[in-house]
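Here are my notes after going through the two chains. Have the structure open while you read them.

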Amino acid sequence: MLSVLALTSVVLLGIASQCTAISVYTNWEKHVQVGSDVRLSCSFFSWHWTSAEVTFSWSYRPDGAKESVSIFHYTNGAPYIATKGPFRDRLEFVGNPNRRDGSIMIRNVDYNDNGTFTCDAKNPPDIMGHPSNVRLLVFEKVPVQAGVITGAIIGVVLGLLILVVAIYYLMRFLVARRVFSLSMRHGKKGKGKEGSQQRQAGPSK
Amino acid sequence: MLVLLAAIFILHLACIALLLAATIHNAWWMTGGVSTDIWARWVWTGVKWNYTQIPTYYDQEYLQAVQATSVLACIFCILGLFVFVAQLYTLPKGKRFLFTGAFQLLAWLCIMIAASIYTEIFHKDEKNGWYGASFILAWISVCLTFISCVTYFILRKKTA
């Protein structure tokens with residue numbers, strides 16, 4: 001039974017590795033304050049082991065432009081930063097390709113950096129996949145994300161309520177158990193005293 | 001006795017309905033062509049209503065606090081209804097409905113916080129507009145939840 005299961009899973013995995021593609025993951029949007037550094041993270045999922053020929057490729061399309069320029073490429077174990085692009089001296093590779101992480105760091109962002117960054121990862125022999133886009137939005141003051149404070153307040157209040165109710169019932173249970181055990185001990189001691197009194201009263205009669 | 005029970009039950013249901021209407025319905029602040037609530041804003045384009053985001057000059061932290069507390073008030077009121085029905089069957093005779101009253105008290109606190117924050121922080125300088133139906137319903141539900149809470153704290157189960 002176990003061997004049949006193992007065999008089926010191996011066969012399925014073999015089939016799956018042929019017909020599924022690589023999936024690239026990035027953020028959807030990144031909100032940053034002007035002048036700060038931003039880390040654009042990119043990772044992928046692939047059914048194959050991470051090969052030594054894994055490649056990461058970042059390109060950038062400014063807001064309103066039609067063409068995108070290539071700004072970064074990682075191949076053959078070495079990162080290559082475009083020497084003429086808008087990020088030539090501001091880009092740094094901070095990823096770990098062995099852990100499937102192809103993130104880059106852009107320092108000192110400006111309002112001209114608003115745009116869409118595309119990450120394309122390839123893990124030979126798994127090269128079929130769609131690149132993933134992350135939009136960079138630069139603000140003077142980063143606004144609060146919609147719903148963060150709402151969710152936090154609701155979660156904390158409901159969590160406290162559940163905690164209080166749980167502690168109340170736990171205390172009731174513990175007190176009841178203590179009362180029960182004390183009453184058991186009293187019952188046993190009472191029986192013992194009665195027995196010894198009877199024995200003492202017996203011979204005197 | 002049954003009439004009293006029905007009246008209290010209907011009062012609780014009315015609280016829930018008003019709270020839900022205040023939280024969900026879209027009329028906290030209205031002008032001629034704009035209808036705003038605590039989640040988004042409807043703008044009349046002359047042909048149809050457009051669903052837009054609340055403008056960014058609204059204080060986001062306070063707005064999200066109002067959202068959170070009004071949702072919490074709805075949750076506590078609805079939970080209170082279930083707790084009331086449960087206590088009707090399990091409470092020993094002669095005891096008070098304290099657990100239900102506690103839930104209604106929490107709901108009252110939450111909706112009072114929400115309505116107060118909204119009244120105090122928003123629309124201080126806007127002259128051409130008026131408070132809409134949901135805002136009024138929010139304040140009415142403050143009163144109703146308070147009355148309901150006091151009722152549950154006073155009420156005793158029939159000693160038959």
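1. Chain A exposes about 14200 Å², and carbon and sulfur atoms supply 62% of that area. Keep in mind throughout that this is a predicted model. Of the 205 residues in chain A, buried ones make up 26%.

2. On the fold of chain A: you'll find two helices and twelve strands. Read from the N terminus, the order is α-β-β-β-β-β-β-β-β-β-β-β-β-α. If you take the contacts in chain A between residues at least 6 apart in sequence, 60% join residues at least 24 apart.

3. A loop residue in chain A is worth a stop. A:Ser103 sits in the loop between β8 (91-93) and β9 (104-106) of chain A. Is A:Ser103 buried or exposed? A:Ser103 counts as buried because its relative accessible area is 0%, below the 20% cut-off. Setting aside residues up to four places away in sequence, A:Ser103 touches A:Arg39, A:Leu40, A:Ser41, A:Cys42, A:Phe93, A:Val94 and A:Gly95. With one of these, A:Arg39, the side chain of A:Ser103 also makes a polar contact of 3.2 Å.

4. Now the packing. The largest nonpolar core has 36 residues, and B:Val66, B:Ile111 and B:Tyr118 have the most contacts inside it. The elements giving two or more residues to this core are α1 (2-24), α2, α3 and α4 (133-154) of chain B. Which of them gives the most? That is α2(B), with eleven residues. A second, separate core of 26 residues includes A:Trp58, A:Tyr60, A:Ala121 and A:Val134.

5. B:Val66 touches B:Ile38, B:Ala114, B:Ile117, B:Tyr118 and B:Phe122, leaving out residues up to four places away in sequence. B:Ser70 is found in α2 (residues 60-90).

6. Why is B:Leu88 called partly exposed? Because its relative accessible area is 26%, which falls between the 20% and 50% cut-offs. Apart from neighbours within four places in sequence, B:Leu88 is in contact with B:Leu5, B:Phe97 and B:Lys157. Of these, B:Lys157 is 69 residues away along the chain, with a C-alpha separation of 7.8 Å from B:Leu88.

7. Helix α3 of chain B (residues 98-121) has 24 residues and reaches 34 Å from its first C-alpha to its last, close to the 34 Å expected at 1.5 Å a residue. The buried residues of α3(B) include B:Phe103, B:Trp108, B:Ile111, B:Ala114 and B:Tyr118, as well as the polar B:Thr100 and B:Gln104. Just after α3(B), B:His123 takes a positive phi of about 60°.

8. Leaving aside neighbours within four places in sequence, B:Ala22 is in contact with B:Trp28, B:Ser134, B:Leu137 and B:Ala138. B:Ala22 and B:Ser134 are 112 residues apart in sequence, yet 4.3 Å apart in space, C-alpha to C-alpha.

9. Last, the annotations for chain B. An unreviewed UniProt entry lists residues 1-21 of chain B as "signal peptide". In the model, that span is 95% helix and 0% strand, and its end C-alpha atoms lie 30 Å apart. UniProt (unreviewed entry) also places "transmembrane region" at residues 65-85, 97-118 and 130-155 of chain B. What do the spans look like here? Residues 97-118 of chain B are 95% helix and 0% strand, with end C-alpha atoms 32 Å apart. Residues 130-155 of chain B are 85% helix and 8% strand, and the end C-alpha atoms lie 39 Å apart.

Methods: Residues are numbered from 1 along each chain as its sequence is written. Chains are lettered from A and ligands numbered from 1 in the order in which they are written. This is a predicted model: local features need pLDDT of at least 70, side-chain atom pairs count only at pLDDT 80 or more; totals for chains, interfaces and linings use all residues. Side-chain values use heavy atoms; hydrogens and water are left out. UniProt positions are given in the numbering used here, feature names are shortened, and annotations may be inferred rather than shown by experiment. Helices (H or I, at least four residues) and strands (E, at least two) are DSSP runs, numbered from the N terminus. The expected span of a helix is 1.5 Å times one less than its number of residues. Buried means under 20% relative accessible area, exposed over 50%, partly exposed in between (1.4 Å probe, protein chains only). A nonpolar core is a set of buried Ala, Val, Leu, Ile, Met, Phe, Trp, Tyr and Cys residues joined through side-chain atoms within 4.5 Å. Contact means heavy atoms within 4.5 Å. Accessible areas come from the Shrake-Rupley method with a 1.4 Å probe; for residues, only the protein chains shown count as cover. A polar contact is a pair of N or O atoms within 3.5 Å; within protein, one must be able to donate a hydrogen and the other to accept it, and residues adjacent in sequence count only if both atoms are side-chain atoms.
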